[in-house]
Amino acid sequence: MKSHPGIPKSILRSLTTDGIKKIVVGAVIFNVVENQRRVLMLQRAKSDFMGDLVELPSGGVERGEEILSALRREIEEETGLRELSQPKFVETFDYVSGTGKRARQLNFHCTSASADVRLNTEEHSAYWWLSRSELDSGRYNISTETRKAVLEAFRALDGD
């Protein structure tokens with residue numbers, strides 16, 4: 001796979017050696033809502049794989065597609081958001097997809113100039129702009145891996 005600015009080369013090289021069959025991109029999107037930095041979280045449609053799970057806007061990288069192009073496409077398809085800062089790599093996590101493929105999600109953080117989400121209701125049933133404390137409240141069905149990625153993005157922004 002072609003190298004990409006900001007993504008450690010070791011992560012890209014390990015895709016093959018680790019048996020990864022599907023590459024997914026995830027977006028930790030921040031916005032200032034009610035004078036507080038918040039992150040956009042989407043709830044998967046109940047009828048979908050892992051229904052009701054609260055996740056990041058995310059999706060598969062198509063064959064021949066650049067990683068950051070896939071990220072922007074997925075963000076727009078799932079949320080309608082277009083005015084975004086330059087995405088910065090955060091971290092990865094692995095999981096087994098709905099089709100049984102070993103997947104690696106490459107997560108990036110960025111900021112949206114708008115909080116006006118146009119949710120793709122075929123894939124998701126709800127969305128929230130969550131503060132750090134709301135994310136940690138236990139109220140939302142968020143995987144440990146996703147929570148870790150979001151918290152890492154909060155730390156990265158606090159360090160910027």
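Student: Is Tyr95 buried, partly exposed or exposed?

Tutor: Buried means under 20% relative accessible area, exposed means over 50%, and partly exposed is in between (1.4 Å probe, protein chains only). Tyr95 comes out at 25% relative accessibility, so it counts as partly exposed. Keep in mind that this is a predicted model: local features need pLDDT of at least 70, side-chain atom pairs count only at pLDDT 80 or more, and totals for chains, interfaces and linings use all residues. Residues are numbered from 1 along each chain as its sequence is written, and side-chain values use heavy atoms, with hydrogens and water left out.

Student: How do I read an aromatic pair, and how many aromatic pairs are there?

Tutor: A pair of aromatic rings is described by the distance of the centres and the angle of the planes. Rings of Phe, Tyr and Trp (its six-membered ring) pair if their centres lie within 6.5 Å; planes under 30 degrees apart are stacked, over 60 edge-to-face, and the rest tilted. The count here is 4 aromatic pairs. Take Phe30 and Phe154: the centres are 4.9 Å apart and the planes at 75 degrees, so this pair is edge-to-face. It links distant parts of the chain, with Phe30 in strand S1 and Phe154 in helix H4 (residues 144-159), 124 residues apart. Helices (H or I, at least four residues) and strands (E, at least two) are DSSP runs, numbered from the N terminus. Phe30 is buried at 1% relative accessible area, and Phe154 is buried at 4%.

Student: Which kind of pair do Phe93 and Tyr95 form?

Tutor: Phe93 and Tyr95 make a tilted pair, 6.1 Å centre to centre with 45 degrees between the planes. Phe93 is buried, at 11%.

Student: Which residues touch the most other members of the largest nonpolar core?

Tutor: In soluble globular proteins, nonpolar side chains tend to be buried together. A nonpolar core is a set of buried Ala, Val, Leu, Ile, Met, Phe, Trp, Tyr and Cys residues joined through side-chain atoms within 4.5 Å. The largest has 26 residues, and Ile29, Ile75, Leu81 and Phe108 touch the most other members. H1, S1, S2, H2 and S6 each give two or more residues to this core, and S1 gives the most, with 5. Apart from this core lies another, of 16 residues, including Leu56 and Leu157.

Student: What about H2: how many residues does this helix have?

Tutor: The expected span of a helix is 1.5 Å times one less than its number of residues. H2 (residues 67-79) has 13 residues and reaches 18 Å from first C-alpha to last, close to the 18 Å expected. Its buried residues include Ile67, Leu71 and Ile75. After H2 comes Gly80, with a positive phi near 80 degrees.
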